[in-house]
Amino acid sequence: MAHSLYQQRITDIVGPKYDPRHVEAFMRVQYGTLDHLPPDVFMNDARFCALCIDEIGKEEAEKVAKSYGL
(Lines give C-alpha, C1' and ligand atoms only; values in the text may rest on other atoms or scores of the structure.)
Protein backbone atom coordinates (compact mmCIF):
# COMPACT_ATOMS: atom_id res chain seq x y z
CA MET A 1 0.00 0.00 0.00
CA ALA A 2 1.32 3.44 -0.91
CA HIS A 3 1.93 5.93 1.86
CA SER A 4 0.07 9.23 2.00
CA LEU A 5 2.01 12.46 1.75
CA TYR A 6 1.76 12.78 5.54
CA GLN A 7 3.16 9.29 6.00
CA GLN A 8 6.03 9.94 3.60
CA ARG A 9 6.95 13.07 5.51
CA ILE A 10 6.65 11.25 8.84
CA THR A 11 9.03 8.55 7.62
CA ASP A 12 11.50 11.25 6.57
CA ILE A 13 11.30 12.69 10.08
CA VAL A 14 11.28 9.60 12.34
CA GLY A 15 12.84 7.01 10.06
CA PRO A 16 11.83 3.46 9.22
CA LYS A 17 11.68 2.22 12.83
CA TYR A 18 8.11 3.52 13.13
CA ASP A 19 5.05 2.67 11.10
CA PRO A 20 4.06 6.10 9.76
CA ARG A 21 0.38 5.16 10.09
CA HIS A 22 0.89 4.87 13.84
CA VAL A 23 2.58 8.25 14.11
CA GLU A 24 -0.07 9.90 11.94
CA ALA A 25 -2.84 8.42 14.08
CA PHE A 26 -1.29 9.78 17.25
CA MET A 27 -0.95 13.19 15.66
CA ARG A 28 -4.63 13.06 14.71
CA VAL A 29 -5.58 12.35 18.32
CA GLN A 30 -4.21 15.80 19.12
CA TYR A 31 -5.23 17.76 16.02
CA GLY A 32 -7.84 15.88 14.01
CA THR A 33 -6.54 17.32 10.77
CA LEU A 34 -2.89 17.99 9.99
CA ASP A 35 -3.21 20.42 7.10
CA HIS A 36 -2.88 23.52 9.25
CA LEU A 37 0.35 22.55 11.04
CA PRO A 38 3.44 24.62 10.28
CA PRO A 39 6.42 22.48 9.22
CA ASP A 40 8.27 22.86 12.53
CA VAL A 41 5.21 21.88 14.57
CA PHE A 42 4.57 18.88 12.30
CA MET A 43 8.18 17.74 12.73
CA ASN A 44 8.22 18.18 16.51
CA ASP A 45 4.89 16.43 16.96
CA ALA A 46 5.91 13.52 14.74
CA ARG A 47 8.97 13.02 16.92
CA PHE A 48 6.92 13.31 20.10
CA CYS A 49 4.34 10.81 18.84
CA ALA A 50 7.13 8.36 18.00
CA LEU A 51 8.24 8.57 21.63
CA CYS A 52 4.67 7.87 22.72
CA ILE A 53 4.65 4.76 20.54
CA ASP A 54 7.86 3.62 22.26
CA GLU A 55 5.97 3.83 25.55
CA ILE A 56 2.73 2.06 24.62
CA GLY A 57 4.05 -0.43 22.08
CA LYS A 58 3.23 -1.23 18.48
CA GLU A 59 0.15 -3.34 19.23
CA GLU A 60 -1.62 -0.48 20.98
CA ALA A 61 -0.42 1.96 18.32
CA GLU A 62 -1.98 -0.29 15.66
CA LYS A 63 -5.32 -0.08 17.47
CA VAL A 64 -5.13 3.72 17.40
CA ALA A 65 -4.24 3.69 13.68
CA LYS A 66 -7.16 1.40 12.86
CA SER A 67 -9.51 3.63 14.82
CA TYR A 68 -8.61 6.41 12.36
CA GLY A 69 -9.01 4.15 9.35
CA LEU A 70 -5.27 4.04 8.68
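1. In this predicted model, a search of the whole structure turns up zero disulfides. The reason lies in the separation of Cys49 and Cys52: the cysteine sulfur closest to that of Cys49 belongs to Cys52 and is 5.5 Å away, which is too far for a bond, given that a disulfide requires the two sulfur atoms to be within 2.5 Å.

2. The surroundings of these cysteines can be stated as well. Cys49 is buried, having a relative accessible area of 7%, whereas Cys52, with a relative accessibility of 23%, counts as partly exposed.

3. Turning to helix packing, helix 1 (residues 5-14) and helix 3 (residues 39-56) have axes that come within 10 Å and cross at roughly 70 degrees, so helix 1 is roughly perpendicular to helix 3.

4. On the side of helix 1, this contact is made by Tyr6, Arg9, Ile10, Ile13 and Val14, which meet Pro39, Phe42, Met43, Ala46, Arg47 and Ala50 in helix 3. By class, the residues of the contact of helix 1 with helix 3 comprise nine nonpolar, no polar and two charged.

5. The largest nonpolar core has 14 residues, and those touching the most other members are Ile10, Val14, Tyr18, Val23, Met27, Phe42 and Ile53. Helix 1, helix 2 (20-31) and helix 3 are the elements that give two or more residues to this core, and the largest share, five residues, comes from helix 3.

6. Phe42 deserves a separate entry: leaving aside residues up to four places away in sequence, Phe42 touches Tyr6, Arg9, Ile10, Ile13, Met27, Leu34 and Leu37.

Definitions and conventions:
Residues are numbered from 1 along each chain as its sequence is written. This is a predicted model: local features need pLDDT of at least 70, side-chain atom pairs count only at pLDDT 80 or more; totals for chains, interfaces and linings use all residues. Side-chain values use heavy atoms; hydrogens and water are left out. Buried means under 20% relative accessible area, exposed over 50%, partly exposed in between (1.4 Å probe, protein chains only). Axes are lines fitted to C-alpha atoms, for helices over the stretch in contact, and angles run from 0 to 180 degrees between N-to-C directions. Helices (H or I, at least four residues) and strands (E, at least two) are DSSP runs, numbered from the N terminus. Angles under 35 degrees count as roughly parallel, over 145 as roughly antiparallel, 65 to 115 as roughly perpendicular and the rest as oblique. Contact means heavy atoms within 4.5 Å. Ala, Val, Leu, Ile, Met, Phe, Trp, Tyr, Cys and Pro count as nonpolar, Asp, Glu, Lys and Arg as charged, and the others, Gly among them, as polar. A nonpolar core is a set of buried Ala, Val, Leu, Ile, Met, Phe, Trp, Tyr and Cys residues joined through side-chain atoms within 4.5 Å.
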